[in-house]
Amino acid sequence: MRSIPTGEVRVGAEGRSTMGPGHLAVAFAAKPVASKVPLGVLLVASEALDLMCFGFVAVGLEKFGVTQTDLVHGIRILVPGSIPWSHGLFMSLVWSGVAAAIAFLVYRDRRAGAILGLVVFSHWLLDFIVHPGELPLLFNGSPTVGLGLWASGPGLILSGILEFVMLGGGLAIYLAARKRTLPRAIA
Ligand SMILES: [Zn+2]
């Protein structure tokens, strides 16, 4: 067996190579239009698919792939993982619908439900942009997709920069809205 050359080899086609700030940015940006939903709930919703992925891997329903990451080639998949229950397009839509329904029941607010569902699904859309083609459309054996911004060194660096720009933008939207509503709440 040939040993793998330079670069960091790690287990986690999904999960470990996870987008953080980009997903959280969506939650911050969504807060002003979902006033009934606590920020913490929106933040968890934005990362719900990754959290489920960890849970599904723990119970053996999914498995991480093996990836190699370096700044020349970006993230390369050495051994594909299996993540249809958390990151398949179909199940992501199902989870988004479930989240929307729960939020609607809890907050008795249609908009809160719709926004929470969209925040959950935004995770898949952002992952679709950055992941190499490893996101299944349905279940195991179905075609996998991913635009693969992470699949090149420059792309990986660009995505890192974009994530923090997004987080800055999301926070700015959140803080601006808070500033607008706070004085009214006191008055
Ligand atoms: Zn993910």
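Biologist: What share of the 187 residues in the protein is buried?
Modeller: Buried residues make up 40% of the 187. A residue is buried if 20 or more other C-beta atoms lie within 10 Å of its own, exposed if 12 or fewer, and partly exposed in between, with C-beta atoms placed from the backbone. Keep in mind that this is a predicted model: local features need pLDDT of at least 70, side-chain atom pairs count only at pLDDT 80 or more, and totals for chains, interfaces and linings use all residues. Residues are numbered from 1 along each chain as its sequence is written.

Biologist: How many helices and strands are there in the protein?
Modeller: Helices (H or I, at least four residues) and strands (E, at least two) are DSSP runs, numbered from the N terminus. Here there are seven helices and five strands. Along the sequence they follow the pattern β-α-α-α-β-β-α-α-α-β-β-α.

Biologist: Which strand does β2 pair with, and over how many bridges?
Modeller: Two strands pair if DSSP finds at least two bridges between them. Strand β2 (residues 66-70) pairs with β3 (residues 74-79) in the antiparallel sense, over five bridges. The two form a hairpin, with three residues between them. T69 has I75 of β3 as its bridge partner. Q68 stands opposite R76 in β3.

Biologist: Which residues have the most contacts inside the largest nonpolar core?
Modeller: A nonpolar core is a set of buried Ala, Val, Leu, Ile, Met, Phe, Trp, Tyr and Cys residues joined through C-beta atoms within 7 Å. The largest one has 34 residues, and A45, L116 and V119 have the most contacts inside it. At least two residues each come from α1 (21-30), α2 (39-46), α3 (48-58), α5 (89-107) and α6 (110-130). The largest share, seven residues, is from α6.

Biologist: What is L116 in contact with, leaving aside its neighbours within four places in sequence?
Modeller: Two residues are in contact if their C-beta atoms, placed from the backbone, lie within 7 Å. L116 is in contact with A34, V37, A45, A99, A100 and A103. A second, separate core of seven residues includes I75, L126, V130 and L156.

Biologist: Why is α1 largely enclosed by the rest of the structure?
Modeller: Eight of its 10 residues are buried, so α1 is largely enclosed. Those buried include H23, F28 and A30.

Biologist: How do α1 and α2 cross?
Modeller: Axes are lines fitted to C-alpha atoms, for helices over the stretch in contact, and angles run from 0 to 180 degrees between N-to-C directions. The axes of α1 and α2 come within 8 Å and cross at roughly 145°. On the α1 side, H23, L24, V26, A27 and A30 make the contact; on the α2 side, L42, L43, A45 and S46 do.

Biologist: Where does R108 lie, and what is its phi?
Modeller: Most residues other than glycine have a negative phi. R108 is not a glycine, yet has a positive phi of about 50°. R108 lies in the loop between α5 and α6. R108 counts as exposed because it has 10 C-beta neighbours inside 10 Å.
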